[in-house]
Amino acid sequence: MAADDLNDKLAALQRKMAELRSQLGTGASVPSAFTAPPSEARALSSTSLRAAAPSMPVSAPRATELLPPVPQGASDREPFVNWLIAAVRVRSGIAVEEQVRQKLQRITARLPLSELEKWLSILATVDSAHPEWLALLESLTNHETYFFRDMGQLEHLQRDVLAALVARERNKPSPTIAIWSAASSTGEELYSVAMLLLEELENIGEVDSDGPSIRAKARWRLRLLGSDLSRQAVRLANAGVYDGGAHASFRKFPQRFARFFETPEEGDPSFRRVRAGLRNGVAFQTFNLMDALPPIAACDVVLCRNVLIYFDADGKRAVWSLVHRALSPEGMALFGPTDVLEDKRFTPVWGSSTVLYRRV
Ligand SMILES: C[S@@+](CC[C@H](N)C(=O)[O-])C[C@H]1O[C@@H](n2cnc3c(N)ncnc32)[C@H](O)[C@@H]1O
């Protein structure tokens, strides 16, 4: 493709991303009137932007029959709102506190009763990967994230886990490391961990460089997967272009990692694009943490940070089980700094600035 075409695409992408980011911020996008996903979703899919994701077992969405029947012919919205609250909890694990209840009330208030009943009937018969569910759940969650969020945790991860994994694998013919960022939002978390891992590989001369862009030597089989419920967040993560503003993704960015980004030649000069060496080494896909099977197996590390706050006790237990399934024996899990894991299948491993959990 000619450079001009690429630049046009990038400028269009930046406009689209500004739009998507503002939608993510407002949380006011549903109901989506049963529309198909926009064509850009396909144009920006991970397969079109980079090599396909590593092969993974297919996940099994939660059964649709877990939902109660939709109220029929109700004369006010209350029964519908109550149905929606129960359904959201089943489909997403999101515990419906007052704020979420109010959002659901606002959403349902936009539709006449007959349309509302039809919409809920559709939600009742499709699984959580359906665009209607994705659009609804997207509007209820918060996508706040930035590069090197909770740096203390990540330094601990680099020093005590990533360095050990690299040392364990380096003398094997096909060194393999698998990392899953289980609620990756717009991707900053997984890219941060990938940069830390590349730093470790660089320390032992296991990277190749293509100009300023570095990547692991070809013999390394790195499986770095990010997943999120939100299609829009996954789309942005795969694009790997971020607003460089002071309050955005780079707000606590250690300058030594600036070399992993470039300034696009065209479009808004405040944006930064992840360089190909880093971008091609990771993949993002949609995935609901309430699904029965993880999208990746035999992980050395799973990050599940700043998402458990949404879930009630059952939802948290479901996520712990999922993380447990995704990890290889002895694999490490990293939760948010304030999350407490009460699950005997994990042992806490205390560090100076955080706690990691080892699968037993
Ligand atoms: C606050 S962000 C956390 C991002 C990142 N882990 C971090 O710590 O910076 C929470 C993310 O969890 C996602 N999420 C919420 N419920 C989910 C679910 N049931 N399955 C998958 N992702 C979910 C949201 O879409 C959102 O992007």
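The shell around the ligand divides into seven nonpolar, 10 polar and five charged residues; here Ala, Val, Leu, Ile, Met, Phe, Trp, Tyr, Cys and Pro count as nonpolar, Asp, Glu, Lys and Arg as charged, and the others, Gly among them, as polar. In total, 22 residues surround the ligand, and the closest are Thr 145, Ala 183, Ser 185, Leu 289 and Asn 306; a residue is near the ligand if its C-beta atom, placed from the backbone, lies within 6 Å of it. Keep in mind that this is a predicted model, in which local features need pLDDT of at least 70 and side-chain atom pairs count only at pLDDT 80 or more, while totals for chains, interfaces and linings use all residues. Residues are numbered from 1 along each chain as its sequence is written.

Let us turn to the nonpolar core. The largest one has 88 residues, of which Ala 194, Cys 299, Val 302, Cys 304, Val 323 and Ala 333 touch the most other members. Helix α9 (residues 188-203) gives the most to this core, with eight residues. Because domain 1 (26-140) and domain 2 (151-359) both contribute residues, the core lies between them; the domain bounds come from an automatic or database assignment. A core of this kind is a set of buried Ala, Val, Leu, Ile, Met, Phe, Trp, Tyr and Cys residues joined through C-beta atoms within 7 Å, and buried means that 20 or more other C-beta atoms lie within 10 Å of a residue's own, with C-beta atoms placed from the backbone.

Helix α10 (residues 231-239) is worth a visit too. Eight of its nine residues are buried, so this helix is largely enclosed by the rest of the structure. Among the buried ones are Val 234, Arg 235 and Leu 236. Just after α10, Gly 240 takes a positive phi of about 65 degrees. Helices (H or I, at least four residues) and strands (E, at least two) are DSSP runs, numbered from the N terminus.

Arg 215 sits in strand β3 (residues 213-216), and this arginine counts as buried because it has 21 C-beta neighbours inside 10 Å. Leaving aside residues up to four places away in sequence, Arg 215 touches Val 207, Asp 208, Gly 277, Asn 280 and Gly 281, where contact means C-beta atoms, placed from the backbone, within 7 Å.

Finally, look for the open sheet of three strands, ordered β5-β7-β6 with antiparallel pairing; strands pair if DSSP finds at least two bridges between them. Its edge strands, β5 (241-243) and β6 (261-262), each pair on one side only. Two bridges join β6 to β7 (residues 271-274), and Glu 262 has Arg 273 in β7 as its bridge partner.

Terms used. A residue is buried if 20 or more other C-beta atoms lie within 10 Å of its own, exposed if 12 or fewer, and partly exposed in between; C-beta atoms are placed from the backbone. Two residues are in contact if their C-beta atoms, placed from the backbone, lie within 7 Å.
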